[in-house]
Amino acid sequence: MPAYNLDVYMPVVILMVIAIVMVVGALLVGKLLRPHNPSELKEQAYECGEDPVGTAWSNFNVRFYVVSLIFIIFDVEGALMFPVAAIFKKFNGIAQGGLVLASLLLFIGVLVSGIVYCWKKGDLDWVKSFTLESYHHDRDQAQAERKTA
Amino acid sequence: MMNDNVVSFFSEAPPYQALNEKLTYLLNFDTRGMMAFVVYFVAAFVVVNVMALIGGLGTYAERKISADIQMRQGPNRVGPFGLLQFLADGVKMIMKEDILPKAADKYLFFIAPILCMVGVFATLAVLPFSSGFTLTHLNIGVFYVLGVSSLVGVGIFLGGYSSNSKWSMLGGMRGASQIISYEVPVTLSIIAMVMLGGGLNFQTIVDGQGGLPHQWFIFHNPFTIISFVVFFIGMLAETNRAPFDLPEAESELVSGYHTEFTGMRFAFFALAEYVEVFVVCGVAAALYLGGYQVPFGLSSLEFLHTKVGLPMAPARMIGQFLEIGGFVTKTVLLYYVVIWIRWTLPRLRVDQLMTLCWKYLTPIALFNLVGIAVWIYLFNGESMWNLVFKTGAAAAGHH
């Protein structure tokens, strides 16, 4: 027997199949039991009783995309730290812990500088904060642009 | 290391081996793989059914506990103490008309609840119920749970997007950003526990702990207590539980991402949510609260077989059931706390949610990670209690 074979992943596949069969099966069985009287009004999107205006697939607040960008950086970092974390204790046992700790701290240091940069830039605020100076600066710039145009 | 998973647990028993030999003789090929598949399938089937039952009872517990907190009766008509309420709800759901909005994306609308269910059920494969009765002990266990449970976030976002309704879209966007944001502090807290346990396998992590509270990882050192708090808050947000239930905030978004879902489709979203709460409570119990460890080694073979004098086979079974009892007790207590929090705290605003995640939990989790790493390096992985006992013993030796 090999040290590690893929048989141990069998339950994963079985569980996924069971989950899919459960949903599809319940919907098919329900088809025999439930009423089916579609009408124009029922098939409208719910908008508090009014006729729906336009589609919901429109442009969305850009904050969500900033959050997802920051997330990707930190999630990849998490994925990269897992192997180091898993071997840390073993290396510590053979007096090599300092090496692992140093590389870990270096890595975390880079990340911390990243989060500090984001914080300073105001990208961690949901509503981007502005000072009175930045407000006046933006207003003057907008006025200057209007004059040249 | 005692048993790897259900198959190796049962394959050590003589009747299993006898049956295997007989089948091999009758069918003329090596039946070990086939037997393993059957055992896996039966075990997975049992686990799924038990979990669906727990999910159903979870909805009952939620209503009963909230009724207790608000001095009401709660469900008390169907069955004794209203215990069968969830079955009545299920029957009602399956009889409801299945409405598909005309403007919706039909395929994504169909796939969204399936993704939620698959993401939750796949995590059950590595949930460590006991040392033997675990479906499988993957060597990447913790990482696998993080990865697969992300499918739920995709399901929630697709549910919101595919409905083509403004409420759903808002709920789905909020859900996606919330789930991915809180994954960062949760991951960082889990990495710290992986360091303490010395591996990604749940069995390795649980075996590194003991049955009594001072042997659990939560009380290993001062940082781990904070780490547990961060993990617990992040876990509430990952499962969209109050006070982080913004994706389905009923007072502002009607019903959030599942506004347009009716009948069984809605039921599967709800079931997935309740089972997921149980799963993450189980993960918290395994990582921080000693998992299936039973105090004083009561579940070990040495105790049950050698000291009490039970025969080998019953001793093994009783030991496993004691371990399951330990695990389920811890998980259900955490489940109770989750429900209790829901009916105690008001909901957060979106900006407060993001501030809490990125400006408080993430820096705290990073600080904890460094603290725990340095602790392991300085004290060679010993817990603070061990250090106290050692210095106490050394001081006593001096006098």
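## The interface between chains A and B

In this predicted model, the contact between the two chains involves 71 residues of chain B and 58 residues of chain A. On the side of chain B that touches chain A, the elements giving two or more residues are α3 (32–69), α4 (85–95), α5 (106–123), α7 (166–197), α11 (263–288) and α14 (350–379) of chain B. The largest share of that side comes from α7(B), with 14 residues. Sorted by class, the side of chain B that touches chain A holds 46 nonpolar, 16 polar and nine charged residues.

## A helix pair across the interface

Helix α2 (residues 63–93) of chain A and α14(B) have axes that come within 12 Å and cross at roughly 15 degrees. Because angles under 35 degrees count as roughly parallel, α2(A) and α14(B) are roughly parallel to each other, and α2(A) passes α14(B) in a left-handed crossing.

From α2(A), the residues A:Val67, A:Phe88, A:Lys89 and A:Asn92 meet B:Met354, B:Ala373, B:Ile376 and B:Tyr377 in α14(B). The residues of this contact of α2(A) with α14(B) comprise six nonpolar, one polar and one charged.

## A helix pair within chain B

Within chain B, α4(B) and α11(B) pack with their axes 6 Å apart, at an angle of about 140 degrees, which makes α4(B) oblique to α11(B). On the α4(B) side the contact is made by B:Gly90, B:Met93 and B:Ile94, and on the α11(B) side by B:Gly263, B:Met264 and B:Ala267. By class, the residues of the contact of α4(B) with α11(B) are four nonpolar and two polar, with no charged residue.

Key:
Residues numbered from 1 in each chain as written. Chains lettered and ligands numbered in written order. Predicted model: local features only at pLDDT ≥ 70, side-chain atom pairs only at ≥ 80, totals over all residues. Contact = placed C-beta atoms within 7 Å. Helix = DSSP H or I, 4+ residues; strand = E, 2+ residues; numbered from the N terminus. Nonpolar A, V, L, I, M, F, W, Y, C, P; charged D, E, K, R; others polar. Axes fitted to C-alpha atoms, helices over the stretch in contact; angles between N-to-C directions. Parallel < 35°, antiparallel > 145°, perpendicular 65-115°, else oblique. Left-handed = near helix turned anticlockwise from the far one by under 90°.
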